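Subject: Structure handover

Hello,

Here is the structure I promised to pass on. Please open it alongside this note. My findings follow below.

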Amino acid sequence: MPFPEYDLEEALSGWGNALAGTLTDPVSPFWWPSLLLAGAAGIVIAVVARMRLADIPRRITPEQRRAFWRELPVDLACWLASTALPFLLGPLLLLISWGGMLAGMLLLRPVFGGLAADAPPPGPAMLFLAAVLAFVCGDFMLYWSHRLFHRVPLLWRAHRLHHAPAVLTPITAFRFWPQEHVVHLSGNVFGQGFGLGLCMAMAGTRVSPLTVLGVNVVAMAWGLAFAHLRHSHVPLGFPRWLSFVLVSPHMHQAHHSTDVAHHDRNFATGLALWDWLFGTLYIPRREERFRFGLREGEAVTVPAQVSPAEPAAR
(Lines give C-alpha, C1' and ligand atoms only; values in the text may rest on other atoms or scores of the structure.)
Protein backbone atom coordinates (compact mmCIF):
# COMPACT_ATOMS: atom_id res chain seq x y z
CA MET A 1 0.00 0.00 0.00
CA PRO A 2 1.71 3.25 -1.12
CA PHE A 3 2.20 6.03 1.40
CA PRO A 4 -0.19 8.90 0.62
CA GLU A 5 1.36 11.98 -0.93
CA TYR A 6 1.82 14.90 1.42
CA ASP A 7 1.70 18.56 0.46
CA LEU A 8 2.32 20.93 3.38
CA GLU A 9 0.88 23.91 1.53
CA GLU A 10 -2.28 21.98 0.75
CA ALA A 11 -2.51 20.80 4.37
CA LEU A 12 -2.21 24.36 5.69
CA SER A 13 -4.78 25.54 3.18
CA GLY A 14 -7.17 22.84 4.33
CA TRP A 15 -6.60 23.88 7.93
CA GLY A 16 -7.37 27.50 7.07
CA ASN A 17 -10.59 26.48 5.32
CA ALA A 18 -11.58 24.40 8.34
CA LEU A 19 -11.04 27.36 10.66
CA ALA A 20 -13.10 29.58 8.38
CA GLY A 21 -15.93 27.05 8.60
CA THR A 22 -15.83 26.66 12.39
CA LEU A 23 -19.44 27.76 12.73
CA THR A 24 -20.80 26.80 9.32
CA ASP A 25 -19.20 23.44 8.45
CA PRO A 26 -21.18 20.40 9.73
CA VAL A 27 -17.85 18.63 10.29
CA SER A 28 -16.87 21.27 12.85
CA PRO A 29 -17.61 20.50 16.51
CA PHE A 30 -18.87 24.08 16.79
CA TRP A 31 -21.34 23.87 13.90
CA TRP A 32 -23.97 26.50 14.72
CA PRO A 33 -26.97 24.10 15.04
CA SER A 34 -25.12 22.15 17.74
CA LEU A 35 -24.37 25.36 19.65
CA LEU A 36 -27.98 26.46 19.28
CA LEU A 37 -29.31 23.15 20.60
CA ALA A 38 -26.86 23.17 23.52
CA GLY A 39 -27.90 26.70 24.50
CA ALA A 40 -31.59 25.83 24.19
CA ALA A 41 -31.08 22.71 26.31
CA GLY A 42 -29.38 24.75 29.02
CA ILE A 43 -32.26 27.22 29.12
CA VAL A 44 -34.89 24.45 29.19
CA ILE A 45 -33.09 22.74 32.09
CA ALA A 46 -33.00 26.00 34.01
CA VAL A 47 -36.73 26.60 33.39
CA VAL A 48 -37.63 23.05 34.42
CA ALA A 49 -35.59 23.58 37.59
CA ARG A 50 -37.84 26.62 38.22
CA MET A 51 -35.04 29.12 37.98
CA ARG A 52 -35.98 32.76 37.61
CA LEU A 53 -35.30 34.18 34.16
CA ALA A 54 -32.73 36.54 35.65
CA ASP A 55 -30.87 33.57 37.16
CA ILE A 56 -30.68 31.52 33.96
CA PRO A 57 -27.44 33.14 32.69
CA ARG A 58 -25.79 32.29 36.03
CA ARG A 59 -27.00 28.70 35.75
CA ILE A 60 -25.68 28.05 32.26
CA THR A 61 -22.42 30.01 32.53
CA PRO A 62 -19.50 29.58 34.93
CA GLU A 63 -19.72 31.45 38.23
CA GLN A 64 -15.93 31.76 38.57
CA ARG A 65 -15.44 34.42 35.92
CA ARG A 66 -11.80 35.12 36.80
CA ALA A 67 -10.93 31.45 36.49
CA PHE A 68 -12.74 31.35 33.17
CA TRP A 69 -10.75 34.25 31.68
CA ARG A 70 -7.52 32.87 33.12
CA GLU A 71 -8.00 29.47 31.48
CA LEU A 72 -9.52 30.69 28.21
CA PRO A 73 -6.18 31.42 26.41
CA VAL A 74 -4.95 27.90 27.21
CA ASP A 75 -8.22 26.36 26.03
CA LEU A 76 -8.15 28.37 22.80
CA ALA A 77 -4.50 27.47 22.11
CA CYS A 78 -5.24 23.77 22.62
CA TRP A 79 -8.32 23.99 20.42
CA LEU A 80 -6.31 25.70 17.68
CA ALA A 81 -3.65 22.98 17.83
CA SER A 82 -6.30 20.27 17.73
CA THR A 83 -7.76 21.70 14.51
CA ALA A 84 -4.35 21.65 12.82
CA LEU A 85 -3.29 18.10 13.68
CA PRO A 86 -5.72 16.20 11.38
CA PHE A 87 -4.36 18.18 8.43
CA LEU A 88 -0.69 18.11 9.40
CA LEU A 89 -0.84 14.37 10.15
CA GLY A 90 -3.30 13.46 7.41
CA PRO A 91 -1.27 10.73 5.65
CA LEU A 92 -0.26 9.08 8.93
CA LEU A 93 -3.84 9.05 10.20
CA LEU A 94 -5.01 7.63 6.88
CA LEU A 95 -2.52 4.78 7.17
CA ILE A 96 -3.65 4.10 10.73
CA SER A 97 -7.25 4.01 9.52
CA TRP A 98 -6.28 1.60 6.73
CA GLY A 99 -4.56 -0.57 9.32
CA GLY A 100 -7.75 -0.74 11.35
CA MET A 101 -9.77 -1.51 8.23
CA LEU A 102 -7.41 -4.34 7.30
CA ALA A 103 -7.59 -5.76 10.82
CA GLY A 104 -11.40 -5.73 10.71
CA MET A 105 -11.52 -7.46 7.33
CA LEU A 106 -8.99 -10.11 8.34
CA LEU A 107 -10.90 -10.85 11.53
CA LEU A 108 -14.08 -11.77 9.64
CA ARG A 109 -12.47 -13.15 6.50
CA PRO A 110 -12.69 -16.79 7.69
CA VAL A 111 -16.45 -16.30 8.05
CA PHE A 112 -17.39 -14.13 5.06
CA GLY A 113 -14.45 -14.60 2.70
CA GLY A 114 -12.63 -11.86 0.80
CA LEU A 115 -13.93 -8.82 -1.05
CA ALA A 116 -15.96 -9.62 -4.14
CA ALA A 117 -15.01 -7.46 -7.11
CA ASP A 118 -18.41 -7.94 -8.76
CA ALA A 119 -20.52 -7.46 -5.63
CA PRO A 120 -23.33 -4.88 -5.90
CA PRO A 121 -23.00 -1.63 -3.93
CA PRO A 122 -24.13 -1.94 -0.32
CA GLY A 123 -27.66 -0.82 0.50
CA PRO A 124 -28.77 1.81 3.03
CA ALA A 125 -28.96 -0.75 5.86
CA MET A 126 -25.31 -1.74 5.43
CA LEU A 127 -24.25 1.91 5.14
CA PHE A 128 -26.06 2.69 8.38
CA LEU A 129 -24.45 -0.32 10.04
CA ALA A 130 -21.07 0.97 8.86
CA ALA A 131 -21.80 4.36 10.44
CA VAL A 132 -22.79 2.69 13.72
CA LEU A 133 -19.79 0.34 13.84
CA ALA A 134 -17.34 3.09 12.93
CA PHE A 135 -18.69 5.25 15.76
CA VAL A 136 -18.84 2.41 18.30
CA CYS A 137 -15.35 1.06 17.57
CA GLY A 138 -13.84 4.55 17.56
CA ASP A 139 -15.55 5.32 20.86
CA PHE A 140 -14.22 2.05 22.33
CA MET A 141 -10.67 3.09 21.46
CA LEU A 142 -11.22 6.53 23.01
CA TYR A 143 -12.35 4.88 26.24
CA TRP A 144 -9.11 2.91 26.52
CA SER A 145 -6.80 5.71 25.44
CA HIS A 146 -8.47 7.99 28.01
CA ARG A 147 -8.20 5.36 30.72
CA LEU A 148 -4.54 4.80 29.86
CA PHE A 149 -3.77 8.49 30.39
CA HIS A 150 -5.21 8.20 33.91
CA ARG A 151 -3.42 4.96 34.82
CA VAL A 152 0.15 5.61 33.66
CA PRO A 153 1.97 8.27 35.74
CA LEU A 154 3.98 9.60 32.79
CA LEU A 155 0.82 9.98 30.68
CA TRP A 156 -1.11 11.54 33.56
CA ARG A 157 1.45 14.35 33.70
CA ALA A 158 0.20 15.35 30.27
CA HIS A 159 -3.48 14.61 30.84
CA ARG A 160 -3.71 16.64 34.05
CA LEU A 161 -3.79 19.74 31.82
CA HIS A 162 -7.29 18.67 30.80
CA HIS A 163 -8.39 18.35 34.44
CA ALA A 164 -6.72 21.51 35.74
CA PRO A 165 -9.45 24.16 35.14
CA ALA A 166 -11.97 24.83 37.88
CA VAL A 167 -14.35 26.06 35.16
CA LEU A 168 -15.64 23.83 32.36
CA THR A 169 -16.66 25.19 28.96
CA PRO A 170 -17.19 23.44 25.61
CA ILE A 171 -13.67 24.48 24.60
CA THR A 172 -12.28 22.52 27.57
CA ALA A 173 -13.06 19.39 25.53
CA PHE A 174 -9.98 20.22 23.40
CA ARG A 175 -7.66 21.02 26.30
CA PHE A 176 -4.91 18.47 25.58
CA TRP A 177 -1.23 18.69 24.80
CA PRO A 178 -0.70 17.95 21.07
CA GLN A 179 1.02 14.63 21.78
CA GLU A 180 -1.99 13.44 23.81
CA HIS A 181 -4.38 14.57 21.14
CA VAL A 182 -2.38 12.56 18.59
CA VAL A 183 -2.79 9.42 20.70
CA HIS A 184 -6.56 9.87 21.06
CA LEU A 185 -6.94 10.79 17.40
CA SER A 186 -4.91 7.79 16.26
CA GLY A 187 -6.90 5.40 18.42
CA ASN A 188 -10.17 6.84 17.19
CA VAL A 189 -9.34 6.60 13.47
CA PHE A 190 -8.00 3.05 13.96
CA GLY A 191 -11.28 2.10 15.64
CA GLN A 192 -13.35 3.72 12.92
CA GLY A 193 -11.33 1.92 10.27
CA PHE A 194 -11.79 -1.36 12.15
CA GLY A 195 -15.56 -0.87 12.17
CA LEU A 196 -15.59 -0.18 8.45
CA GLY A 197 -13.40 -3.26 7.89
CA LEU A 198 -15.98 -5.40 9.67
CA CYS A 199 -18.73 -4.05 7.41
CA MET A 200 -16.62 -4.52 4.28
CA ALA A 201 -16.05 -8.15 5.22
CA MET A 202 -19.77 -8.72 5.79
CA ALA A 203 -20.84 -6.86 2.62
CA GLY A 204 -18.13 -8.36 0.42
CA THR A 205 -17.44 -4.94 -1.07
CA ARG A 206 -16.15 -1.52 -0.10
CA VAL A 207 -18.41 0.31 2.32
CA SER A 208 -18.50 3.95 3.42
CA PRO A 209 -20.58 5.01 6.43
CA LEU A 210 -23.94 6.63 5.84
CA THR A 211 -23.44 10.38 6.07
CA VAL A 212 -25.46 13.58 6.22
CA LEU A 213 -23.72 16.68 4.88
CA GLY A 214 -20.53 14.64 4.75
CA VAL A 215 -20.65 13.63 8.43
CA ASN A 216 -21.21 10.17 9.89
CA VAL A 217 -24.92 10.17 10.81
CA VAL A 218 -24.28 8.64 14.23
CA ALA A 219 -21.48 11.10 15.03
CA MET A 220 -23.70 13.97 13.91
CA ALA A 221 -26.54 12.78 16.15
CA TRP A 222 -24.16 12.62 19.11
CA GLY A 223 -22.76 16.06 18.30
CA LEU A 224 -26.26 17.54 18.28
CA ALA A 225 -27.39 15.71 21.42
CA PHE A 226 -25.98 17.81 24.26
CA ALA A 227 -22.32 17.05 23.43
CA HIS A 228 -21.33 20.64 24.26
CA LEU A 229 -22.86 20.38 27.72
CA ARG A 230 -20.44 17.60 28.72
CA HIS A 231 -17.86 20.27 29.53
CA SER A 232 -20.10 22.81 31.22
CA HIS A 233 -21.76 23.54 34.55
CA VAL A 234 -25.20 22.47 33.32
CA PRO A 235 -26.06 19.30 35.32
CA LEU A 236 -27.99 17.48 32.60
CA GLY A 237 -28.58 13.87 33.55
CA PHE A 238 -30.29 11.09 31.62
CA PRO A 239 -32.82 8.56 32.93
CA ARG A 240 -31.02 5.89 34.93
CA TRP A 241 -31.55 3.16 32.31
CA LEU A 242 -30.11 5.38 29.56
CA SER A 243 -27.11 6.28 31.73
CA PHE A 244 -25.88 2.71 31.33
CA VAL A 245 -25.69 3.28 27.56
CA LEU A 246 -24.90 6.96 26.91
CA VAL A 247 -22.71 9.43 28.80
CA SER A 248 -24.76 12.36 30.08
CA PRO A 249 -23.14 15.76 30.72
CA HIS A 250 -23.71 15.24 34.44
CA MET A 251 -21.79 11.94 34.31
CA HIS A 252 -18.79 13.49 32.58
CA GLN A 253 -18.82 16.38 35.02
CA ALA A 254 -18.38 13.77 37.77
CA HIS A 255 -15.25 12.62 35.94
CA HIS A 256 -13.82 16.13 36.40
CA SER A 257 -14.70 16.22 40.11
CA THR A 258 -11.98 16.89 42.67
CA ASP A 259 -13.58 14.33 45.01
CA VAL A 260 -11.36 11.23 45.15
CA ALA A 261 -14.50 9.05 45.15
CA HIS A 262 -15.14 10.15 41.55
CA HIS A 263 -11.63 9.54 40.22
CA ASP A 264 -11.14 6.79 37.68
CA ARG A 265 -14.83 6.92 36.79
CA ASN A 266 -16.71 7.67 33.57
CA PHE A 267 -13.85 7.52 31.06
CA ALA A 268 -16.17 7.03 28.08
CA THR A 269 -16.69 9.75 25.49
CA GLY A 270 -20.07 8.78 24.06
CA LEU A 271 -21.09 5.30 25.18
CA ALA A 272 -21.33 4.73 28.94
CA LEU A 273 -21.63 1.07 28.00
CA TRP A 274 -17.82 0.79 28.21
CA ASP A 275 -17.76 2.16 31.77
CA TRP A 276 -20.52 -0.25 32.73
CA LEU A 277 -18.77 -3.26 31.19
CA PHE A 278 -15.35 -2.48 32.67
CA GLY A 279 -16.42 -1.37 36.14
CA THR A 280 -15.80 2.38 35.94
CA LEU A 281 -19.38 3.65 35.75
CA TYR A 282 -20.62 6.33 38.17
CA ILE A 283 -24.15 7.72 37.90
CA PRO A 284 -24.49 10.92 39.96
CA ARG A 285 -27.53 11.69 42.02
CA ARG A 286 -29.79 14.29 40.46
CA GLU A 287 -29.00 16.89 43.12
CA GLU A 288 -25.27 16.14 43.19
CA ARG A 289 -22.91 18.95 42.21
CA PHE A 290 -19.15 18.92 41.77
CA ARG A 291 -16.10 21.04 42.32
CA PHE A 292 -13.81 20.87 39.29
CA GLY A 293 -10.05 21.04 38.95
CA LEU A 294 -7.06 19.36 40.59
CA ARG A 295 -6.78 18.76 44.30
CA GLU A 296 -3.92 20.45 46.12
CA GLY A 297 -0.72 18.52 45.40
CA GLU A 298 -2.32 16.47 42.64
CA ALA A 299 -0.42 18.27 39.89
CA VAL A 300 2.50 15.90 40.38
CA THR A 301 0.67 12.68 41.22
CA VAL A 302 -1.65 10.19 39.59
CA PRO A 303 -5.28 10.45 40.78
CA ALA A 304 -6.10 8.02 43.56
CA GLN A 305 -7.29 4.66 42.32
CA VAL A 306 -10.83 3.58 43.11
CA SER A 307 -11.58 -0.10 43.44
CA PRO A 308 -13.83 -1.43 40.65
CA ALA A 309 -15.60 -3.41 43.35
CA GLU A 310 -17.24 -0.24 44.69
CA PRO A 311 -20.83 0.49 43.60
CA ALA A 312 -21.20 1.89 40.09
CA ALA A 313 -23.73 4.44 41.28
CA ARG A 314 -24.90 6.00 44.52
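Start with helix α7. Its buried residues pack against four elements: α4, α6, α8 (178-203) and α10 (249-255). Which residues of α7 (residues 153-163) are buried? They are W156, A158, H159, L161, H162 and H163. Please keep in mind that this is a predicted model.

Now the overall picture. The protein chain has 314 residues, and 46% of them count as buried. It holds 11 helices and 2 strands. From the N terminus, the order of elements is α-α-α-α-α-α-α-α-β-β-α-α-α. Take the contacts in the chain with a separation of 6 or more: residues 24 or more positions apart account for 74% of them. The accessible surface comes to about 16100 Å². Carbon and sulfur atoms contribute 68% of that surface.

Next, a pair of helices. Two packed helices are described by the angle between their axes and the distance between the axes. Helix α6 (residues 124-151) packs with helix α9 (residues 217-224) at an angle of about 60°. Their axes lie 7 Å apart. That angle makes α6 oblique to α9. Which residues meet here, from α6 and from α9? On the α6 side they are F128, A131, V132 and F135. On the α9 side they are V217, V218, A219 and W222. An α-helix has 3.6 residues a turn, so residues three or four places apart point the same way.

Helix α4 deserves a look too. It is one of the elements that the buried residues of α7 pack against. F68 is found in α4. Is F68 buried or partly exposed? It counts as partly exposed, because its relative accessibility is 21% and buried means under 20%. F68 and T169 are 101 residues apart in sequence. In space, they are 8.4 Å apart, C-alpha to C-alpha.

L88 lies in α4 as well, and the helix covers residues 65-88. L88 has a relative accessible area of 34%, so this residue is partly exposed. L88 also belongs to a nonpolar surface patch.

Send me your questions once you have had a look.

Best wishes

Conventions: Residues are numbered from 1 along each chain as its sequence is written. This is a predicted model: local features need pLDDT of at least 70, side-chain atom pairs count only at pLDDT 80 or more; totals for chains, interfaces and linings use all residues. Side-chain values use heavy atoms; hydrogens and water are left out. Patches are made of residues with over 30% relative accessible area and no salt bridge: like charges are joined within 9 Å, nonpolar side chains (Val, Leu, Ile, Met, Phe, Trp, Tyr) within 5 Å. Accessible areas come from the Shrake-Rupley method with a 1.4 Å probe; for residues, only the protein chains shown count as cover. A salt bridge is a side-chain nitrogen of Lys or Arg within 4 Å of a carboxyl oxygen of Asp or Glu. Buried means under 20% relative accessible area, exposed over 50%, partly exposed in between (1.4 Å probe, protein chains only). Axes are lines fitted to C-alpha atoms, for helices over the stretch in contact, and angles run from 0 to 180 degrees between N-to-C directions. Angles under 35 degrees count as roughly parallel, over 145 as roughly antiparallel, 65 to 115 as roughly perpendicular and the rest as oblique. Contact means heavy atoms within 4.5 Å.
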